[in-house]
Amino acid sequence: KNSIKADLYLLLLHFAQQQHFSEEQAGALVTLYHHILNMVLEGKELMNLVLETSLLLTCKKELKTGMQLDFYSPDQVSKISEYFSKGLFQHFKLYRYSMLQEQDQTIISLEKIVHTCPPQGSFDPPPLAEAISDHDIETYLNAPPPESPRSEEEIEGEEGEQKTEEQGAEEPNPLISMANVQTVLDTVGNDIMDKFTKDMKNKCTEKENQYMNRLSKVKKALD
């Protein structure tokens with residue numbers, strides 16, 4: 001019943017929007033429609049509904065004390081009458097039957113059955129002793145995430161780094177003493193200085209020979 005009324009009122013508001021009714025006119029139309037539907041629920045005949053609608057729209061009767069539908073133009077009254085005729089009045093018997101006829105209801109069952117999932121490998125409900133306590137559940141939820149398994153390469157790399165750090169942490173054990181280092185440095189320094197000295201002497205000798213040759217040539221030219 002409520003769904004039928006909701007559809008009727010929705011169509012009525014759509015009609016009012018199409019006719020560009022004002023807010024006051026649309027509200028009065030809904031009030032009039034509600035009044036006619038109440039007459040259907042009261043078991044009134046179709047002629048009574050038609051006569052009531054005609055008297056209210058022509059202002060020959062008040063809907064309520066001091067309430068007349070005198071704000072509709074003749075053209076609007078004609079369109080409202082046509083809408084009522086093609087809708088509610090034309091299908092009067094259908095609406096009256098659907099609103100007044102009580103639908104039979106058959107109660108099949110009121111029994112409520114709750115199905116539980118049996119444990120794996122058993123058809124009986126598990127005993128309460130096997131239930132998990134709240135403490136265990138909280139411990140499981142608050143536990144840190146498990147570490148991902150490491151590969152063999154990562155493990156070998158960490159072991160190699162650890163050995164290197166251990167070797168670096170030991171005290172240095174030099175193979176050559178400081179006296180030997182000093183001897184080696186002196187020997188290398190002397191060799192370098194000897195080579196440098198020889199090179200300088202050779203270069204000076206060459207320059208000296210060149211100058212002497214030039215002087216001899218100048219003397220010959222003067223003589």
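The largest nonpolar core of this predicted model comprises 28 residues, of which Leu29, Ile36, Tyr72, Ile80 and Phe84 touch the most other members. Five helices each supply at least two residues of this core: H1 (2-18), H2 (23-41), H3 (46-57), H4 (74-89) and H5 (92-100). The highest contribution is that of H2, with nine residues. In soluble globular proteins, nonpolar side chains tend to be buried together.

With neighbours within four places in sequence set aside, Ile36 is in contact with Leu49, Glu52, Thr53, Phe84, Leu88 and Phe89. Among these partners, Phe84 is itself one of the core residues that touch the most other members. Thr53, another partner of Ile36, is located in helix H3. Thr53 has a relative accessibility of 4% and is therefore classed as buried, since the cut-off for burial is under 20%. Under the same exclusion of neighbours within four places in sequence, the contacts of Thr53 are Ile36, Phe84 and Phe89.

Glu52 counts as buried because its relative accessibility is 11%, whereas Lys61, at 34%, counts as partly exposed. Side chains of opposite charge can pair when their charged atoms come close.

Three salt bridges were found in a search of the whole structure. Asp75 and Lys79 are four residues apart in helix H4, so about one helical turn separates them. Asp75 is partly exposed, at 47% relative accessible area, and Lys79 is likewise partly exposed, at 33%.

A further salt bridge links Glu82 and Lys86, with the closest N and O atoms at 3.0 Å. This pair also belongs to helix H4, where Glu82 and Lys86 are four residues apart, or about one turn of the helix. Glu82 is partly exposed, with a relative accessibility of 39%. Lys86 has a relative accessible area of 55% and is therefore classed as exposed, the cut-off for that class being over 50%.

Ile132, Ile137, Tyr140 and Leu141 make a nonpolar surface patch of about 490 Å². Of these residues, Leu141 lies in helix H6, which spans residues 134-142. Leu141 is classed as exposed because its relative accessible area is 62%.

The structure contains zero disulfides. Cys59 has a relative accessibility of 26% and counts as partly exposed. Cys204 is also partly exposed, with a relative accessible area of 48%.

Conventions: Residues numbered from 1 in each chain as written. Predicted model: local features only at pLDDT ≥ 70, side-chain atom pairs only at ≥ 80, totals over all residues. Heavy atoms only, no water. Core = buried A, V, L, I, M, F, W, Y, C linked by side-chain atoms within 4.5 Å. Buried < 20%, exposed > 50% of the residue type's maximum accessible area, 1.4 Å probe, protein only. Contact = heavy atoms within 4.5 Å. Salt bridge = Lys/Arg side-chain N within 4 Å of Asp/Glu carboxyl O. Patch = residues over 30% accessible without salt bridge, like charges linked within 9 Å, V, L, I, M, F, W, Y side chains within 5 Å. Areas by Shrake-Rupley, 256 points an atom, 1.4 Å probe, with all protein chains shown as cover. Disulfide = S-S within 2.5 Å.
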